[in-house]
Amino acid sequence: MRFKAMTAVAALMLAVPGVVSAGPDDDKLVINGEIEMTTKAPVPEHMEDTNMDQIMSGWHFRSDETQALEMDDFDNPGMIFVDAGMEQWNTVEGSEGNSCASCHEDPSSMKGVRAVYPKWDADAEEVQTLAMQINDCRENNMGAEPYGYTSGQMANMEALISLQSRGMPVDVAIDGPARETWEQGKELYYTRTGQLELSCANCHEDSYGMMIRADHLSQGQINGFPTYRLKNARLNTVHGRFKGCVRDTRAETYAPGSPEFVALELYVASRGNGLSVEGPSVRN
């Protein structure tokens, strides 16, 4: 009975807009006093059939104190992991005697990469995420073991690469051969799952701005990933967060790196087209 009561309360909070609502703020995100970020943008053309009138970074849904952490790299706890990623970048590993720097020299060569991933890879004949591309390089160019998909080492490297595109607009392509995967991701986004029978859209499209379990629901944009979460005091990857969200609906979740989560990442990333790359960002 207690479970049913909790479920009913959660459903009520999601269904009634007037219940504990708290809209996003109108603050402006400028990092280090010089990098002005686009945190609100027009709805992408492929989302015009939704009830949303603009897209917003999750930064707008956080407290002033949390927002401030992202506004200065000296205060942003995620930057510690960027430093760790830089050490990994320069470390020789594997049978080929290479490091990332051996082929790509400075990380600045990665400028623009984060903004367009996930993307269709013609050689692999599939949509690849940034994490998949990192491991492809490790295995095929370095002869090194792949990183765990949501491991700390992967998060560090994603943070280092994402930083090079910070401030650039997300521009994920969903046409051509990527379209089928995008459609699969869209279906997952709108499918209710779990004992709570919730979809991604129920929280992040229908109910963003509301409070649930003492947290502020955002639009679920992923332009800020990898993200340092105050909740677990570490850098979090996109698929790690997906896994947690599905778990919270009390459903059996997919594995990080699975075709399902790759498709979902492509779709969710495309919902943020036009927002600035923020990673590593800071969230609750």
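Reader: Is tyrosine 254 buried, partly exposed or exposed?
Author: In this predicted model, tyrosine 254 is partly exposed, with a relative accessible area of 34% (buried means under 20%, exposed over 50% and partly exposed in between, with a 1.4 Å probe and protein chains only). Local features need pLDDT of at least 70, side-chain atom pairs count only at pLDDT 80 or more, and totals for chains, interfaces and linings use all residues. Residues are numbered from 1 along each chain as its sequence is written, and side-chain values use heavy atoms, with hydrogens and water left out.

Reader: And how do the rings of tyrosine 189 and tyrosine 190 pair?
Author: Their centres lie 5.3 Å apart with planes at 70°, so the pair is edge-to-face (rings of Phe, Tyr and Trp, the last by its six-membered ring, pair if their centres lie within 6.5 Å, and planes under 30 degrees apart count as stacked, over 60 as edge-to-face and the rest as tilted). Tyrosine 189 is buried at 3% relative accessible area, whereas tyrosine 190 is partly exposed at 33%.

Reader: What does tyrosine 254 pair with?
Author: The ring of tyrosine 254 pairs with that of phenylalanine 261, edge-to-face, with centres 5.7 Å apart and planes at 80°; phenylalanine 261 is buried, at 1% relative accessibility.

Reader: Which residues form one aromatic cluster?
Author: Trp182, Tyr189, Tyr190 and Tyr267 form it.
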